[in-house]
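These are my notebook entries on one structure. I set down what I looked up, in the order in which I looked it up.

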Amino acid sequence: TKTDRFRSRRVHFSRYQLLRILGWRDEGKSYARLDKSLKRWTGVTLYYDNAWRDNRDKRWVNASFHLLDEVVLRGRSRRADL
């Protein structure tokens, strides 16, 4: 999101780009590890009980959210002329 100046909640990147950022090797094991990691992060929910106070309403706030709402993984493109 930083490279896009936080213009959108949606972040587009390739798995190859993410491997480069993480400093992982460009090999099958890394792609499998990355896919598994993204699936795990999609399942993580953060819960906050009385985490902050809303001064306008004079109440404590409870909240919960996912770090990743959705992950879409596309396979390599397969062109007939390759």
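The entries below go from the chain as a whole to single residues.

**Entry 1. Basis.** I worked from a predicted model, in which local features need pLDDT of at least 70 and side-chain atom pairs count only at pLDDT 80 or more, while totals for chains, interfaces and linings use all residues. I number residues from 1 along each chain as its sequence is written, and side-chain values use heavy atoms, with hydrogens and water left out.

**Entry 2. Overall form.** I looked up the secondary structure and found 2 helices and 2 strands in the chain. For these I rely on DSSP runs, numbered from the N terminus: helices are H or I with at least four residues, strands are E with at least two. Along the sequence the pattern reads α-α-β-β. The radius of gyration is 18 Å, well over the 12 Å that the globule rule gives for 82 residues, so the chain is more spread out than a compact globule. That radius is taken over C-alpha atoms, and the rule is 2.2 Å times the number of residues to the power 0.38. I noted a C-alpha trace that spans about 65 × 25 × 25 Å along its principal axes.

I then asked what share of the 82 residues counts as buried. The share is 11%, where buried means under 20% relative accessible area, exposed over 50%, and partly exposed in between, with a 1.4 Å probe and protein chains only. For contacts I took heavy atoms within 4.5 Å. Of the contacts in the chain with a separation of 6 or more, 23% come from residues 24 or more positions apart.

**Entry 3. The helices.** I looked up which residues of α1 are buried, and found R15, L18 and L19. Viewed down the axis of α1, its buried residues fall within an arc of 105 degrees, so they line one face of the helix. The arc is that of the directions from the helix axis to the C-beta atoms. I found that the buried residues of α1 pack against α2, residues 28–42. After α1 comes G23, with a positive phi near 75 degrees.

R25 has its place in the loop between α1 and α2. At a relative accessible area of 61%, R25 is exposed. Setting aside neighbours within four places in sequence, I found R25 in contact with L19, R20 and S30.

I also recorded that the charged end of R33 sits over the ring of W24, 4.0 Å from its centre. The criterion is NZ of Lys or CZ of Arg within 6 Å of the ring centre and within 35 degrees of the ring normal.

**Entry 4. The strands.** β1 and β2 pair in the antiparallel sense over 7 bridges; two strands pair if DSSP finds at least two bridges between them. Y47 stands opposite S64 in β2. The hairpin has 4 residues between the strands, and in it K58 takes a positive phi near 60 degrees. K58 counts as exposed, at 56% relative accessibility.

**Entry 5. Aromatic rings.** How many aromatic pairs does the whole structure hold? My search found 2. Rings of Phe, Tyr and Trp (its six-membered ring) pair if their centres lie within 6.5 Å; planes under 30 degrees apart count as stacked, over 60 as edge-to-face, and the rest as tilted. The ring centres of Y48 and W52 are 6.3 Å apart with the planes at 50 degrees, so this pair is tilted. Y48 and F65 form a stacked pair, 5.8 Å centre to centre with 15 degrees between the planes. Y48 lies in strand β1 (residues 45–54) and F65 in strand β2 (residues 59–66), so the pair ties together parts that are 17 residues apart in sequence.

I checked the accessibility of each ring residue. Y48 counts as partly exposed at 32%, W52 as partly exposed at 42%, and F65 as partly exposed at 37%.

**Entry 6. A further positive phi.** R5 lies in the segment before α1 (15–22). Phi of R5 is near 60 degrees, a positive value in a residue other than glycine. R5 is exposed, with a relative accessible area of 66%.
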